[in-house]
Amino acid sequence: MATFENIVNALKSLKIYNVDLSELVSAVMNYNGELGLVLNARKQLSNGSVHLIHAFSVKFTISHAQDEFINAAITACRRDKCRSLVLLSRLLCECDSPELSTHFLSLATDIYSKDLERLVCVDTGFHFNAKQTTPDQIETFSLRKMGNVIQKSAPSIYILLGNLLDAGKGDQNVAEMEEEEQDNLKEGMLLETALDVRIDGQDTVTYLGKDTGRTTVIPDKEDITPRQRQAVERGHQIREINQKANALQSLVSVYFRSTDTPERVIQIMARMGISLSTTSGLQAIASLSKYAENRVKEVGKTLLAAPAYDNINIAFKVTNPTHENQSRMVNMTTATLVMLEDAKKEDLEVCKELWSKSPYNRRAINPISHRLDTSTLFPMEKDVAGLTGVKRVRRSLSWHIIRIMLEFMAKKEHKRAVAYLKELGPTPGEVDQLPIKRSVQHPLRAMEEDESTNQGNANVCDDIQRQIGLDGTGLLQEYVQILHGDLATLERIEGNKLMRSDQRIPIDESYQHLVLVPGLFHAKMAAVNALHHIYIEQGARLPQKPTVWAYASILREKQMGHIGSQKPSFRAIHKLVLDVTTAFVIHLWTSEVGSLDKWLDRGPSMDELQSISDKLALKHVAGFGDHQDHPDAQYRNQQMMIRDFLLYSEFSHAQNTGDIGRVVDVIPFWILIWKATGKHKYAKFYHQFLLNLRTWPEALARVVRRNWLCNPKGKVFGFRGIDWLVELNNLYTKEIFSGHGPNRSIQLIKKHSILIQILQQCHEIFDNVFYNIARTQYHTPADTTVLIARLVSFMNKEEATGVSTERSVKAYIDAIARGMEFFQSRAAVEGGEEEEQPPLIDDLIVESNSLLE
């Protein structure tokens with residue numbers, strides 16, 4: 001006969017997981033069997049993970065002992081529901097004892113029912129009312145949190161769902177599934193890494209996950225396990241218990257609405273419990289729209305948000321037009337509110353002060369009148385290092401000569417180039433760097449107004465004030481309002497200011513409260529257009545070989561028709577300028593040091609790199625040395641070209657890195673170039689704006705400078721012009737959330753335009769959690785190193801930087817010198833400027849990390 005101590009020791013040796021031994025021992029003591037039976041049960045166990053009760057349920061055949069054992073086991077399982085219940089439900093059902101199976105199935109039913117009751121209660125956060133859906137519910141929704149709630153509130157159901165879904169899968173198959181999930185995550189990261197590469201080739205040199213010196217920021221993923229995701233995917237079944245527990249269904253319904261899913265599909269998904277019905281989905285969209293309107297009013301009344309708007313042209317095409325239904329082009333206006341950073345309400349309380357000095361105010365005692373000449377174009381103020389703006393630009397151009405060479409070598413996976421890039425740093429020296437922080441915007445509802453006229457702009461401004469809740473409040477008679485826009489928009493607002501300045505009406509009704517800030521994205525487009533005019537349109541007529549036209553024929557052999565056209569896309573010329581700049585810089589370095597691979601392997605110091613770069617700039621970049629009277633016109637052409645192309649690289653790089661000080665330093669050079677190429681309105685408006693920054697009250701000027709750029713993703717190299725953000729919203733409004741076919745209407749566009757952020761957030765939730773890597777129709781940026789190397793060989797062969805007094809060639813115009821002459825003589829006619837070309841989708845892509853993500 002076994003003693004009590006022997007049985008206890010035998011039970012302990014079985015390494016039972018998380019079960020009360022005393023309950024089981026008391027049951028075993030009622031059976032007068034031998035200890036050998038217990039030991040024999042242990043031998044039959046393959047490992048300690050199989051529960052002890054399973055072994056005993058098979059071996060015990062005496063009814064009274066089995067009943068005692070069952071009662072004790074049930075008591076123990078009630079104390080450890082999470083682990084024991086699932087094992088017992090799976091293992092004990094295999095036993096031959098019907099009573100045993102009935103007991104545990106009854107226990108399981110009771111525990112699962114209570115878990116479900118807890119899961120569908122209001123406290124879990126799964127209740128969405130379609131008629132009262134709020135943007136916060138969408139923006140704060142997280143499938144990871146939903147999985148955690150299911151795991152904590154209903155642990156038995158959580159494990160049961162996992163075991164049922166893993167049925168037929170061994171441990172190895174489950175491990176393979178988890179490994180596949182990780183592979184999907186990595187694949188998604190690699191795609192986002194590729195998307196994060198700046199197509200302009202100057203902000204980062206990370207391609208498809210290969211770290212070549214700069215860090216690629218990968219957006220945060222929801223850290224959700226495969227088991228949690230399985231529970232969430234089956235979680236839609238809880239709606240069958242409580243119709244109000246429909247959080248996931250509401251999100252799916254909004255997602256379907258934003259992707260223009262057919263009504264038939266939505267109805268089928270609603271019948272399956274995956275989505276809300278068509279009516280409820282429309283109610284959710286209407287509720288979100290109402291709450292978005294209220295949020296805009298709350299933000300607008302703080303006065304710490306700057307509106308920005310632009311026109312959008314939408315074509316409604318009809319396949320079979322009738323008298324009542326014809327194809328048409330609708331002109332609309334989209335707007336957004338961008339939250340001001342580093343600003344206080346008191347900083348904007350200068351409306352009356354500005355009006356008292358405004359040149360439009362005929363009652364002003366001492367109105368401000370700016371002289372638009374070279375004396376005000378280049379200020380002589382020095383920084384702490386004793387450098388003026390012109391000297392800082394020269395320092396930046398020399399720095400770009402090093403950066404471009406190192407990035408090209410890093411793309412070729414030269415290890416020392418990667419180390420040099422890290423030592424070089426991301427900027428040539430900060431002047432007025434903005435903090436890297438994600439910008440916040442609140443889109444407004446699209447307006448059926450054509451802002452191509454002064455009256456249309458006035459109507460748009462009035463509509464914006466109505467949407468943000470400032471109309472009739474009188475606040476804008478005391479506080480100014482910063483307004484972002486492109487050149488055409490701001491020019492018409494200036495016209496409204498002038499026309500209404502004589503009328504005896506409040507300041508806010510004459511738009512004198514508006515502080516106009518020109519967009520920097522359109523400034524980049526104007527810069528590219530000027531370079532195209534000088535070096536493509538005019539340069540194509542030059543007979544000599546080493547011209548930009550000849551360089552383009554090597555880099556873009558099959559795109560010469562588009563490049564040579566009068567209005568090529570911004571993307572095409574932007575890429576061409578940067579590629580030609582890279583090739584020319586590599587040509588300069590190889591002409592100076594020979595093979596770059598061997599020279600970098602020698603390990604020159606950073607001081608040596610800087611010394612050689614300064615030497616190359618002094619010798620080959622116009623404006624650094626005395627090249628204006630050089631007898632070789634071909635030599636002067638190349639120096640002016642690399643100077644202007646490096647100025648564009650600095651202009652683009654300074655914007656993308658968010659250094660407003662460098663942007664302000666380099667714009668005067670572009671004002672001269674715009675003046676020389678007939679863009680007099682750009683030259684005048686940006687010159688006026690730079691002067692305003694020096695004469696406005698210090699607090700207002702600081703707020704304007706700190707909010708001239710935005711950072712939509714909150715990333716390094718992620719700064720963009722506010723006008724680019726508006727154009728991006730136009731893309732979402734016009735192409736992505738506008739519907740298709742008969743569903744595409746003005747009413748739908750207006751309804752979705754204010755929900756851009758919410759709908760995009762909904763897409764990101766699904767894409768991140770379910771590892772959707774098909775997020776864009778654009779491929780990874782092409783590797784142009786081979787074409788650039790071919791162009792470098794051509795430059796070496798043609799001796800692009802060589803000097804010869806025997807050749808007779810025609811010269812490019814020196815745009816900066818010509819612009820200076822215009823300012824000094826004031827002979828430029830400020831009219832007849834060509835119409836501004838709106839950006840295309842590709843033009844936005846070249847400035848975006850992951851546009852359609």
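**Figure 1. Helix α22 passes helix α29 in a left-handed crossing.** The structure shown is a predicted model. Two packed helices are described by the angle between their axes and the distance between the axes. Here, the axes of α22 (residues 520–537) and α29 (residues 660–676) come within 11 Å and cross at roughly 40°.

**Figure 2. Residues of α22 and α29 form the contact between the two helices.** From α22, the contact is made by Leu520, Ala523, Ala526, Ala527, Ala530, Leu531 and Ile534. The partners from α29 are Val663, Ile667, Trp670, Ile673 and Trp674. Which classes of residue make up this contact of α22 with α29: nonpolar, polar or charged? The contact holds 12 nonpolar residues, with no polar and no charged ones.

**Figure 3. Leu303 has a positive phi value in a residue other than glycine.** The phi of Leu303 is near 70°. Leu303 is found in the loop that lies between α15 (278–300) and β1 (305–316). Is Leu303 buried or exposed? Its relative accessibility is 6%, and because buried means under 20%, Leu303 counts as buried.

**Figure 4. Phe717 also has a positive phi value in a residue other than glycine.** The phi of Phe717 is near 60°. The loop that contains Phe717 lies between β6 (709–710) and β7 (720–721). With a relative accessibility of 8%, which is under the limit of 20%, Phe717 therefore counts as buried.

Methods:
Residues numbered from 1 in each chain as written. Predicted model: local features only at pLDDT ≥ 70, side-chain atom pairs only at ≥ 80, totals over all residues. Heavy atoms only, no water. Axes fitted to C-alpha atoms, helices over the stretch in contact; angles between N-to-C directions. Helix = DSSP H or I, 4+ residues; strand = E, 2+ residues; numbered from the N terminus. Left-handed = near helix turned anticlockwise from the far one by under 90°. Contact = heavy atoms within 4.5 Å. Nonpolar A, V, L, I, M, F, W, Y, C, P; charged D, E, K, R; others polar. Buried < 20%, exposed > 50% of the residue type's maximum accessible area, 1.4 Å probe, protein only.
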